[in-house]
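Subject: The two-chain model

Hi,

Here is the model I promised to pass along. Have a look, and my notes on what turned up follow below.

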Amino acid sequence: MPAVQDTIDRVRKIDVDQYKYGFQTEIAVDKAPKGLSEDIIRFISAKKDEPSWMLEWRLEAYRRWLTLEEPTWARVNYPKIDFQDIYYYAAPKSTPGPTSLSDVDPEILKVYEKLGIPLKEQEILAGVQKTDASELEEVSDNVYKSGRVAVDAVFDSVSVVTTFKKELAQAGVIFCSISEAIREHPELVKKYLGSVVPTSDNFYATLNSAVFTDGSFVFVPKGVRCPMELSTYFRMNEKNTGQFERTLIIAEEGAYVSYLEGCTAPQRDENQLHAAVVELVALDDAEIKYSTVQNWYPGDAEGKGGIYNFVTKRGDCRGHRSKISWTQVETGSAITWKYPSCILRGDDSSGEFYSIAVSNGYQQVDSGTKMIHLGKNTSSRIISKGIAAGFSQNTYRGQVSAHRKATNARNFTNCDSLLIGDQCGAHTVPYMEAKNSTAQFEHEATTSKISEDQKFYVMQRGIPEEEAIALIVNGFVKDVIQQLPMEFAVEAQKLIGISLEGSVG
Amino acid sequence: MNMHTQPQRTPAETALIDAFGERLSLLPGDGAVMLKRDDAIEAVKHGLPTRRIESWHYTDLRRLLSAVPDFDPAAAAQAIAPIVEGSTVLILLNGVSSAKAPVVDGVSVQRLSEKLTDGSIAPGLDPYGSDDAIGALNTAFVADGYFVDIADGIELEKPIELQNLQAGGQTHVRLPVRVGAGAKAVIVERQAGEGAALTSSVSQLVLGEGAEVTWLIVQEQPDTATHLAQFKAHIGKDAKLTLFVMNAGGRLVRQEVMVKTTGEGADFKLRGINLLAGDTHTDVTMVLDHAVPHTTSTEVIRNVVTGKARGVFQGRINVHQYAQKTNAKMACNTLLLSDDGEFSTKPELEIFADDVVCGHGATVTEIDHDHLFYLMARGVDEKSARGLLVKAFVAEVIEELDDEAIVEALEARLDEWFVTHG
C-alpha cells in the first residue's frame with residue numbers, strides 16, 4: 001500500500017499539533033450583528049431573499065428552541081456556549097449569488113486552491129473551452145485526480161459557487177445551494193425540508209432550523225443515476241461565527257447519488273460552533289451514498305480552541321428496497337457530537353454506517369448511529385472503528401431498534417476501539433431494542449491496544465516502530481476506508497496518519 | 001420552561017413517603033442509622049427515577065411502580081425447602097429474621113436488626129449515587145436481615161441458603177456477608193413468596209484475599225410482586241467470585257449487580273438466565289469496576305422472552321486508568337419467542353487504560369431454523385423441538401457451574417419454570 005508510506009512521510013514532516021488547513025484569509029465580509037433574536041432570523045431570511053413561508057418556518061423553530069435545553073447525555077465536556085456571543089451570519093462581500101467563477105472573490109478562490117478543492121478545474125472539465133496545457137497539468141496534480149466531482153463550496157454562511165451545474169441539469173439533477181433551491185424550487189423544498197429531521201427534533205437541529213444560512217440541495221429525479229460524484233466543501237473562515245448549514249438530498253424512485261462532504265476551518269484560540277443538519281430521502285429503489293471527511297480544526301496540543309461540532313444527520317429510507325449508506329472519517333473538531341442515522345421505513349430497505357473516528361490531543365468524540373427498523377425485511381450494518389490517543393475521549397454511541405411490525409429485521413454491528421497511550425479513554429455505548437421475534441441482531445465490540453505480537457511481527461521484518469504502528473492502524477480501519485470513494489480514501493488514510501502524529505512511539 | 005419544577009408525586013411516591021412517616025418509630029437504628037434513613041427518604045422525595053435517568057432508561061420506575069402495598073403485619077410467609085439438600089438455611093419471613101440461627105463452625109451469624117440498633121452497620125448504608133433508587137429505598141426502610149461472617153480459611157461443605165420469603169405487604173432486607181481470606185463457600189439467595197409484595201433486598205459481599213465464593217440468586221417471585229434487588233461485591237486480591245442470577249418470576253423486577261475488583265488477581269464471573277413470561281418487566285443491570293491492574297471477568301447472560309414480557313440487560317464494564325492488563329468479556333444472548341415480547345440491551349464499555357483486552361457481544365434472535373429442522377427431521381414434533389432448544393440455550397449456562405449438586409438444583413428450578421410456562 002503506497003499510501004501507508006505516504007502517511008509516514010507526511011507524519012514525519014509535521015509537528016504534533018500542526019493543522020495544515022489552519023490558515024486564515026482576510027476577506028471583506030458582510031455580517032449580521034452578534035447574537036440571536038427574531039430580528040436576526042428576519043435579517044438572515046431577508047438576506048437570502050426567502051419567501052415568507054420560510055421565514056415563518058424559521059421563526060417557529062426559534063420559538064421552539066427557546067423552550068429547549070442543551071442535551072447533557074453525551075460524554076463530552078465543554079464550557080457553556082453563549083449563544084448570544086456568536087455571529088449567525090457572515091458572508092463574503094460581493095456575492096449576491098455569483099453566476100460564474102469570474103464573479104467570485106479571487107481571495108476565496110485562493111482559499112479553495114490552497115485546500116486543494118478544484119473549483120477552477122471543474123469549470124474546465126465542465127466544458128469551458130480552455131486547452132492551455134499548463135492548466136491541464138495543474139488539474140492532474142489535484143487531489144481529485146480520478147474523476148469529475150461537482151462541488152458546492154460553502155464559505156462561512158453562504159454558498160459561493162457550485163460547479164458542473166449545467167451538465168447535471170442535462171441529466172435532470174438539481175445541485176445547488178439550499179438558498180437557491182428555496183427560491184427556485186420551493187415546491188420540492190417545502191415538501192421535503194424538515195420531513196426527516198423535524199424542527200422540533202433536538203436542541204441543535206432546532207437551532208439550525210431557525211438560523212441555517214446555507215448548505216447544499218440535491219434532487220435526483222426518477223430513474224436517474226447521477227453522472228458524477230457531488231461534493232460540498234465547507235469552510236469556516238470568519239472569527240466568532242457559527243456555521244449552520246443545511247443539506248437536503250432527495251433521490252426519487254430508482255435514482256442513485258454519491259455525495260461527499262469535506263470541511264476545514266482556520267486555527268484559532270476561541271472555540272467555534274458548527275451545528276449542521278443533513279436530511280436524506282430515498283424513495284423506492286433509490287440509493288444514496290453519503291461520505292464525510294470531517295477535518296475541522298481540532299484545537300492545539302493543550303486543547304485550546306477548536307470547533308464544536310454538533311451535527312444531526314439522518315436518512316429516511318422512505319421507499320421500498322431503498323438504501324442509504326453513511327461513511328464518515330472523523331479526525332477534526334474539539335468536540336464531535338454526531339449520529340448519522342437511518343430510518344428504515346420501506347420494506348426491504350437497508351442502511352449502512354461505516355465510521356472511523358480518530359481522536360488525539362484533548363479531542364472529545366461522541367459519535368455513532370441509529371438504525372430504526374420499521375419496515376419488513378430491513379437490514380442494517382454498522383462498522384465503527386475508534387482510535388483514541390493522547391488525552392482524548394472517544395465514545396461510540398449507537399442504537400438499533402426493531403419495531404413491532406419490522407419482521408425479519410436484521411442488524412450486524414461491529415465496533416472496535418484502539419487505544420494508544422494510557423491517558424485516553426475509549427467507550428462503547430450501544431443500545432439494542434427488539435420488539436419483534438423475527439428480528440436478528442448481532443453486536444460485537446472490542447477494545448484493545450495494538451498488540452505487542454502484531455508490532456513485533458511487523459518490526460522484525462525491519463520496519464521501524466512508527467511505520468509499524470501506522471501499518472497496523474491502517475489495517476485496523478481498512479473495512480471502512482474501502483467504503484469511501486477512491487478520491488477520499490487516499491486522503492482519509494493520510495489524514496488518519498497525521499491525526500495520530502505525536503501519539504505513537 | 002417548566003422543566004425544573006417538581007412534577008406532581010405519583011401515588012406510589014406518596015405512599016412510600018407516607019409509609020416512612022408511619023414506620024419511622026418502628027425502625028431499628030441508632031442516631032447514625034436514623035440520619036442515613038432521613039437522607040435516603042429525601043432521595044425518594046425527589047422522585048423515583050424515570051427513563052431520563054440514564055441508568056433507568058429502560059425501566060421507568062416512576063411509571064412502572066403504579067402502586068405500593070401497605071405494610072402488612074399479619075402476613076405469614078411459609079418456609080420452603082432449600083434447593084440443595086442439607087444446606088444451612090437462614091430464613092427471613094416477611095422481612096423478619098429468626099432468633100434461632102443454625103450454628104456452623106467458623107461462621108458467625110447475627111440478626112441485622114441488632115446491627116442496625118447498635119449502629120455498627122451504618123457505614124454500609126449509603127446509596128452509591130443519586131440514581132441509586134433501590135439503595136435509597138432500602139436504606140430508608142430496612143428493618144432486618146442477616147450479617148454473616150465466614151472466618152479466614154474456612155471451607156464450607158454445604159451451601160448457606162438465605163431465604164427471603166414474602167406473603168404480601170412490604171419487606172426491606174439487607175444481607176451483608178464477609179468471607180475471610182482463603183475461605184470457600186457457596187451461598188444461595190432465594191427470593192420468593194406468594195403475595196403481591198414490594199420487596200427491596202440488598203446483598204453486600206466482601207471477599208478477602210484468595211477467598212472463593214459461588215453466590216446464586218434464585219428469584220421466583222409470583223407475577224404480582226415487585227422485586228427491587230441489589231447485589232454489591234468487593235473482590236479482594238486473588239479472590240474469585242462466581243455470581244449466578246436466575247430470574248424466573250416477579251411482575252416488576254430490577255436486579256442490580258455492582259461489583260468491584262479491589263485486589264490484583266481478582267476474578268469475577270457472572271452467569272445469568274432470565275426466564276420471562278406473562279405481562280412482566282425484568283431488568284438486570286450490572287456495573288463492573290475493574291479498579292486495579294491484572295483482574296479478569298467474564299459475563300454471560302441468556303434471556304428467554306415469551307408472552308408480553310419485557311426484558312432489559314444493561315451491563316457496563318468500567319476499566320479505571322490504572323487497571324492495566326484487565327481482561328473483560330461480556331455476552332448477552334436473547335431468544336425472543338413472542339411478537340408481543342421485547343428485549344432491550346445496552347452493553348457498555350468505559351475504558352481508561354490502554355493495555356487491556358475488553359469485548360462484548362450481544363445478540364437478539366429467534367430459534368435457529370436449522371436447529372429446529374435438524375430435530376424435526378428426526379421425528380421430534382415442533383413444540384418439543386422448540387422446548388428442547390430453548391432449554392438447551394439456558395441450561396448451557398447452568399452447566400458451566402461445575403458443582404453437581406448446584407447444577408442439579410438449578411436445572412430442577414428450570415424444569416419447574418418450563419412446566420408452568422412451557
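Starting with the record: UniProt, in an unreviewed entry, puts the feature "domain: SUF system FeS cluster assembly SufBD N-terminal" at residues 165-226 of chain A. UniProt positions are in the numbering used here, feature names are shortened, and annotations may be inferred rather than shown by experiment. That span is 48% helix and 15% strand, with its end C-alpha atoms 12 Å apart.

Some housekeeping. This is a predicted model, where local features need pLDDT of at least 70 and side-chain atom pairs count only at pLDDT 80 or more, while totals for chains, interfaces and linings use all residues. Residues are numbered from 1 along each chain as its sequence is written, and chains are lettered from A and ligands numbered from 1 in the order in which they are written.

Chain A has 14 helices and 24 strands (DSSP runs numbered from the N terminus: H or I of at least four residues for helices, E of at least two for strands).

Now the place where the chains meet. Chain A and chain B each put 33 residues into the contact (C-beta atoms, placed from the backbone, within 7 Å). On the chain A side, strands 22 (410-420), 23 (425-434) and 24 (440-449) each supply at least two residues. That side divides into 12 nonpolar, 13 polar and 8 charged residues (nonpolar is Ala, Val, Leu, Ile, Met, Phe, Trp, Tyr, Cys and Pro; charged is Asp, Glu, Lys and Arg; polar is the others, Gly among them). Strand 24 of chain A also runs antiparallel to strand 19 (residues 357-365) of chain B, joined by 8 bridges; strands pair if DSSP finds at least two bridges between them. His443(A) has Ala362(B) as its bridge partner there.

Over in chain B, strand 15 (residues 296-305) has 7 of its 10 residues buried. Strand 15 of chain B pairs in the parallel sense with strand 13 (residues 267-276) over 10 bridges, and 10 bridges also join strand 15 to strand 17 (residues 327-336), again parallel.

Strands 13 and 15 of chain B are also among the elements covering the buried residues of helix 7 of chain B. Those buried residues are Ala385(B), Arg386(B), Val394(B) and Ile398(B).

Cheers

Terms used
Buried ≥ 20, exposed ≤ 12 C-beta atoms within 10 Å, placed from the backbone. Contact = placed C-beta atoms within 7 Å.
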